[in-house]
Amino acid sequence: MLSVKRIYSIIGFTFLIAILAVIAFTSWYTVDESEQAVMITLGEVEEGVSEPGLHFKYPWPIQSVEVLSKETFSLQFGYEESEDGEVKDFPKETKMITGDENIVLADMVVQWKITEPGKYLFNAENPKEMLEDATSASLRSIIGSSTIDNALTSGKVEIEKQVQELLSTLVNDYDIGITVLAVKLQDVDLPNEEVRKAFTNVTDARETMNTRKNEANKYRNKRTEEALGEKDAIISAAQGDKAARMQEARGDVAQFNAIYNEYKGAKDITRKRLVLETIDQVLPNAEVYIMEDNGNTMKYLPIKNPTSTSTPVAPVEQEGSEKNGQ
């Protein structure tokens, strides 16, 4: 039978071994490249450790370590996708009202990561649940101030941007050590098939209207450009005609002045020349002769185009003159 001293010795030795084992197993820790650690000394959170490798610390319970992931997490709001690709919807979570009092179903994915592990561990009891509630509040707020057209068609990018801004503000106010990286609307739809069909018809009609407007504007622009071109051509032709008429008028004035100067020097000759030139212009093919006052015909060079090949015929002197009156 063991003595009391022997029993105390065994207990003390066992206790010492336990202490040494605790010291041996709690005096070091490792951090992977995809992990970050938070050191807790006597209940106080110290600066986190993100360098990968083996690290040493005081044994438990003086110091303890919490290791968290540095990877990017995805929060699936309004649905849940299993590992085998099966999707489960939660329509009660995604049903919300738009700014123009229409009901839509909207679900979203939020990309987030832990950037301050100490706050993530101790500033909130359930940071993921707070992030999900903030996502719901942000999405409902933005959808509630948007029209159904924007939510279903071209306004999704702007909605995503506004949701991310509002969600980031809420998360920063909660101070739970989370950073929102991106948000993505997965699906925005109407609550039933009949409403979806009616909205599709309205959308198609609007697209047809926009197409017709674009075609009409294109035709209007084309006709406007053609009209402007015709206007410029007419103006250019008129300006050319104006210049030509002005030059012609200046030439006529110069010719008149030249004739007038000649007329002042020899009025009778100039008057006769003008008469003959006028006759030639009025009767260009006529044979013009000059008749003497006594009735005899006097041969005269015809006033005609000098390039004409016709030969003038000399007029025959009329009988009855004194010379032939015998």
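1. Let's start with helix 6, residues 156-174. (The expected span is 1.5 Å times one less than the number of residues; helices are DSSP runs of H or I with at least four residues, strands are runs of E with at least two, and both are numbered from the N terminus.)

2. Before going on, a word on what you are looking at. This is a predicted model, where local features need pLDDT of at least 70 and side-chain atom pairs count only at pLDDT 80 or more, while totals for chains, interfaces and linings use all residues. Residues are numbered from 1 along each chain as its sequence is written, and side-chain values use heavy atoms, with hydrogens and water left out.

3. Which residues of helix 6 are buried? They are Ile159, Glu160, Val163, Leu167, Ser168 and Val171. Looking down the helix axis, these buried residues fall within an arc of 160 degrees, so they line one face of helix 6. (Buried means under 20% relative accessible area, exposed over 50%, and partly exposed in between, with a 1.4 Å probe and protein chains only; the arc is taken from the directions between the helix axis and the C-beta atoms.)

4. On the face turned away from that buried side, helix 6 carries the exposed residues Asn172 and Asp173. Just after the helix comes aspartate 175, with a positive phi of about 55 degrees.

5. What covers the buried residues of helix 6? The cover includes strand 10 (103-114), strand 11 (178-189), helix 4 and helix 5. (Contact means heavy atoms within 4.5 Å.)

6. Now have a look at serine 146, in the loop between helix 4 (127-144) and helix 5 (148-152). Serine 146 is buried, at a relative accessible area of 10%. Its side chain reaches the backbone oxygen of isoleucine 142 at 2.8 Å. Setting aside neighbours within four places in sequence, serine 146 touches Thr98, Gly99, Asp100 and Ile159. Ile159 is one of the buried residues of helix 6.

7. (Two strands pair if DSSP finds at least two bridges between them.)

8. Strand 9 (residues 95-97) is joined to strand 10 by three bridges, again antiparallel. Lysine 95 has leucine 105 in strand 10 as its bridge partner. Five residues lie between the strands of this hairpin, where glutamate 101 takes a positive phi near 65 degrees.

9. Elsewhere there is an open sheet of three strands in the order 3-2-5, paired antiparallel. Strand 3 (44-45) and strand 5 (63-69) are its edge strands, each pairing on one side only. Strand 2 (residues 35-41) is joined to strand 3 by two bridges, with isoleucine 40 and valine 45 as bridge partners.

10. Finally, the whole chain. The protein chain comes to eight helices and 13 strands, and 21% of its 326 residues are buried. Among contacts between residues at least 6 apart in sequence, 64% join residues at least 24 apart.

Methods. A polar contact is a pair of N or O atoms within 3.5 Å; within protein, one must be able to donate a hydrogen and the other to accept it, and residues adjacent in sequence count only if both atoms are side-chain atoms.
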